[in-house]
Amino acid sequence: GSLIGSGKVFTALNQAASPQIGIVTADQQYFILSTSTDTVAVNVDADLPPVNSIDFLNGYFIFSTADGEIWHTQPNDAGNINALSFATAESDSDGLVRVKSHKGFLFALGTRSLEIWRDVGTVPFAFQPEDADIDIGCAAGHSVVEVADGLAWVDHFRNVRLLKGGQPGIISTHSIVRDLEDLTDAELADVEGWRYWHAGHEFYELKSAQWSRIYDVTTGVWHNGESVGYNRRTRQRFVLFNNKNIIGNELDGKLDYIDAASFTERTANFVWTAISRPYHAFPNQITCSSVELDMITGVGINGSDVDAADPQVMFDVSRNGGKTFGAQRQRSMGAVGAYSQKIRFNNIGRGDEKGLTFRVSSSSAVTRGMIRASGEFEELER
């Protein structure tokens, strides 16, 4: 409540006897939160110029500036900055977007370049470049997140990178890159990321004003996320606290937590959706007599909720490559214990050279999962 302005912030925690929290705001102001007094005050050390990010490493709060400088405080003293405690990232003439500590090194991410610095204990500036010749930049400072043993971010080519073992590999698919390319420069710069854990998996979630995309670090697979009525998930940011996965919400600022036993987001049921690739025999037409789904069945829950007691799966077909879908049909996934429930849709019909694309979805608040699907197709000669 004591911060001036609005927008996203970067924070870092030092190791002072009464730890201090450094906060850098979207308008490049530096605030210090004292945990001993629970007060927030703007930095009064005039030696520090306007800064655009902050992190902590080896006792230092470290800052970046838009014109490419790296600054740091005195060890565990958030308000004490030496006028000479800075250096310039010089591998490129670009400015810096973010500084991030990772694996004992300092990563300085610019708009077109990346430098890795090491703490060598020199005075008045403690760091020197370890590797300053990486031509990969950062398009969104808030997308930079530590995941597993690596560092993930959105680069200036609109790829998603995962630096692991010293190699900044690309983990984005063509679809993810297209999503990023569809954003304006301002929307791209505003993309934010965080990681969280669920059911034994680690996830890296990216969110823009237009979508939410989630990378399963454990399996290497992407999926989409949407809150009911929105083109993205309304949740944002994450912290593990008191053995709970705490998340924020853009709608009201209230805190929620991820509950493995829940199938709702607050009061709205999560909608589970899977969309197939187009099945076609270009340039010929095809016809499909039936589709059968191999799903987790018998997942109904005893109780007064009719939808949960007899959960349903919805099925519809696109005949224009997934642009639009036709009327929905539904089948039961099986009441509690109905493990042999068959899920079959007949008389799918004809598709032209665009073929047939299938969509399966369910909003029932139960366990939902599909192992595979099969269909009976016939190619039609022209």
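**Conclusions drawn from cut-offs**

Guide: Asn347 lies in strand β30. The model that contains this residue is predicted.

Visitor: What makes Asn347 count as exposed?

Guide: The relative accessible area of Asn347 is 66%. Exposed means over 50%, so Asn347 is exposed.

Visitor: What is said of the phi of Asn347?

Guide: Phi of Asn347 is positive, about 55°, although the residue is not a glycine. Most residues other than glycine have a negative phi. Asn243, in the loop between β21 (235-241) and β22 (244-249), also has a positive phi, near 65°. With 77% relative accessibility, Asn243 is likewise exposed.

Visitor: How do you know that the side chains of Arg344 and Ser290 make a polar contact?

Guide: The limit for a polar contact is 3.5 Å between N or O atoms. Arg344 and Ser290 are joined through their side chains at 3.0 Å, and the side chains of Arg344 and Glu292 at 3.2 Å. Both values fall within the limit, so both pairs are polar contacts.

Visitor: Which residues does Arg344 touch, not counting those up to four places away in sequence?

Guide: They are Ser290, Val291, Glu292, Arg331 and Glu376.

Visitor: Why do β26 and β29 stand at the edges?

Guide: The open sheet has the order β26-β31-β28-β29, with antiparallel pairing. β26 (272-275) and β29 (329-332) each have a single partner strand, so one side of each lacks a neighbour in the sheet. On average, neighbouring strands here are turned by 20° against each other, direction ignored.

Visitor: Is Ser362 buried or exposed?

Guide: Buried means under 20%. Ser362 has a relative accessible area of 1%, and is therefore buried. This serine lies in strand β31, and its side chain reaches the backbone nitrogen of Ser364 at 3.3 Å. Beyond four places in sequence, the contacts of Ser362 include Phe270, Trp272 and Met333.

Visitor: How many disulfides does the count give?

Guide: A disulfide requires two cysteine sulfur atoms within 2.5 Å. The count under this criterion is zero. Cys138, at 3% relative accessible area, is buried, and Cys288, at 2%, is buried as well.

Visitor: How many residues does the largest nonpolar core have?

Guide: This core has 20 residues, and those with the most contacts inside it include Val147, Leu206 and Trp222. Among the elements that give two or more residues to this core are β14 (150-154), α1 (174-181) and β18 (201-207). A separate core of 19 residues includes Cys288, Phe345, Ile348 and Val366. In soluble globular proteins, nonpolar side chains tend to be buried together.

Visitor: Is the peptide bond from Phe282 to Pro283 cis or trans?

Guide: This bond is cis, with omega near 5°. Pro283 lies in the loop between β26 and β27 (285-295). The bond from Val123 to Pro124 is also cis, with omega near 10°. Most peptide bonds are trans.

How values were computed:
Residues numbered from 1 in each chain as written. Predicted model: local features only at pLDDT ≥ 70, side-chain atom pairs only at ≥ 80, totals over all residues. Heavy atoms only, no water. Pairing = 2+ DSSP bridges. Helix = DSSP H or I, 4+ residues; strand = E, 2+ residues; numbered from the N terminus. Axes fitted to C-alpha atoms, helices over the stretch in contact; angles between N-to-C directions. Contact = heavy atoms within 4.5 Å. Polar contact = N/O pair within 3.5 Å; in protein donor to acceptor, adjacent residues only side chain to side chain. Buried < 20%, exposed > 50% of the residue type's maximum accessible area, 1.4 Å probe, protein only. Core = buried A, V, L, I, M, F, W, Y, C linked by side-chain atoms within 4.5 Å.
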